[in-house]
Amino acid sequence: PAQAQLVAHPERAVRGDGVVHRQRAPFDPEPGGEAEPGVVAAVVAHAQGQLGNGALVTANQPSPSAVDVSAIAGAGVFVDLAGGGYHTCRLTAEGVAYCWGEDLNGQLGNGAGTVSQPSPSAVSVSGIAGNRAFVQLDAGWSHSCGLAADGTTYCWGSDFYGQLGNAATSGDRQSPSAVDTTATAIQGFVEIVAGYNHTCGLAAGGRFYCWGSDGYGQLGNGA
């Protein structure tokens with residue numbers, strides 16, 4: 001990851017009380033309104049199942065459609081939410097990540113890939129050692145990332161531009177892959193941000209690192 005200037009993240013406005021405030025997808029110019037605690041509703045096109053209501057439909061949904069949580073154990077309460085290109089991810093109070101929608105590049109992280117999911121599908125953590133609970137999620141156009149409680153960042157999905165940060169651009173990842181920070185002096189991140197085809201992380205000391213596509217200077221490394 002390359003060090004970059006810290007910038008604001010207008011896409012994120014989620015509080016830990018389980019209420020989504022002004023949350024929006026990275027490419028949606030209009031922020032959404034507030035919702036009931038832990039309840040997520042979506043209003044977008046739904047051809048890939050990105051609304052998560054359990055059905056694949058091709059027509060737009062002009063009013064809120066509740067996300068299907070019937071197959072989720074526990075209370076099914078959202079504490080974090082991220083909207084990608086044609087997929088959506090959410091985080092439960094227990095630290096379990098779920099994604100739904102398009103999975104062409106493995107951006108749902110369920111270990112399967114290629115098949116769209118119209119209902120929440122758990123992100124596979126079988127390859128993660130130690131604490132498997134996430135504390136934050138974010139999503140780019142065709143990749144997703146999760147920040148673990150120990151500061152380790154994991155990304156999955158498309159790695160065409162190196163946006164997964166695993167020191168390789170050799171292909172998609174259908175399950176979480178740890179971001180490689182061995183070339184830096186940091187131990188982990190305290191916040192992550194996923195852009196279109198790049199990702200950034202804020203370290204505990206205040207330094208900001210970015211990786212992935214730099215076609216428009218989005219990594220902020222001066223090059």
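**Notebook: strands, disulfides and a few loop residues**

I began with T184, which counts as buried because its relative accessibility is 18%. Buried means under 20% relative accessible area, exposed means over 50%, and partly exposed lies in between (1.4 Å probe, protein chains only). This is a predicted model, in which local features need pLDDT of at least 70, side-chain atom pairs count only at pLDDT 80 or more, and totals for chains, interfaces and linings use all residues. Residues are numbered from 1 along each chain as its sequence is written, and side-chain values use heavy atoms, with hydrogens and water left out.

**Entry: T184**

I looked up where T184 sits. T184 is in the loop between β11 (173–178) and β12 (189–194). Strands here are DSSP runs of E, at least two residues, and helices are runs of H or I, at least four residues, numbered from the N terminus. I then checked the side chain of T184. One of its polar atoms lies 2.8 Å from the backbone oxygen of T181.

**Entry: V125**

Next I turned to V125. I found V125 in the loop between β7 (117–122) and β8 (134–139). V125 counts as partly exposed, at 22% relative accessibility. Leaving aside neighbours within four places in sequence, V125 is in contact with R132 and F134. Contact means heavy atoms within 4.5 Å. I also looked at S177, which is 52 residues from V125 along the chain. The C-alpha atoms of V125 and S177 are separated by 9.7 Å.

**Entry: S121**

I moved to S121, in strand β7. S121 is buried, at a relative accessible area of 14%. Not counting residues up to four places away in sequence, S121 touches A97, Y98, C99 and N110.

**Entry: strand β6**

Five of the five residues of strand β6 (residues 97–101) are buried, so β6 is largely enclosed by the rest of the structure. In a regular strand the side chains alternate between the two faces of the sheet. I checked the directions in β6. A97, C99 and G101 point one way, and Y98 and W100 point the other way.

I then looked for the partners of β6. Strand β5 (residues 87–92) pairs with β6 in the antiparallel sense over five bridges. Two strands pair if DSSP finds at least two bridges between them. T88 has W100 in β6 as its bridge partner. The hairpin of β5 and β6 has four residues between the strands, and G95 there takes a positive phi near 85°. β6 and β7 run antiparallel and are joined by three bridges. Y98 stands opposite A122 in β7.

**Entry: disulfides**

How many disulfides does the whole structure hold? My search found three. A disulfide is a pair of cysteine sulfur atoms within 2.5 Å.

C89 and C99 form a disulfide, with sulfur atoms 2.1 Å apart. This pair links distant parts of the chain, C89 in strand β5 and C99 in strand β6, ten residues apart. C89 is buried at 1% relative accessibility, and C99 is buried at 0%.

C145 is joined to C155 by a disulfide, S to S 2.1 Å. C145 is in strand β9 and C155 in strand β10 (residues 153–157), ten residues apart. C145 and C155 are buried.

C200 and C210 form a disulfide, with sulfur atoms 2.0 Å apart. The torsion about the S-S bond of C200 and C210 is about 105°, so this disulfide is right-handed. C200 is in strand β13 and C210 in strand β14 (residues 208–212), ten residues apart.

I numbered the bonded cysteines in sequence order and got the pairing 1-2, 3-4, 5-6.

**Entry: aromatic rings**

Last, I counted eight aromatic pairs. The rings of W141 and Y196 have centres 5.4 Å apart and planes at 25°, so this pair is stacked. Rings of Phe, Tyr and Trp (its six-membered ring) pair if their centres lie within 6.5 Å; planes under 30 degrees apart count as stacked, over 60 as edge-to-face and the rest as tilted. W141 is partly exposed at 29% relative accessibility, and Y196 is partly exposed at 43%. Y86, W141 and Y196 form one aromatic cluster.

How values were computed:
A polar contact is a pair of N or O atoms within 3.5 Å; within protein, one must be able to donate a hydrogen and the other to accept it, and residues adjacent in sequence count only if both atoms are side-chain atoms.
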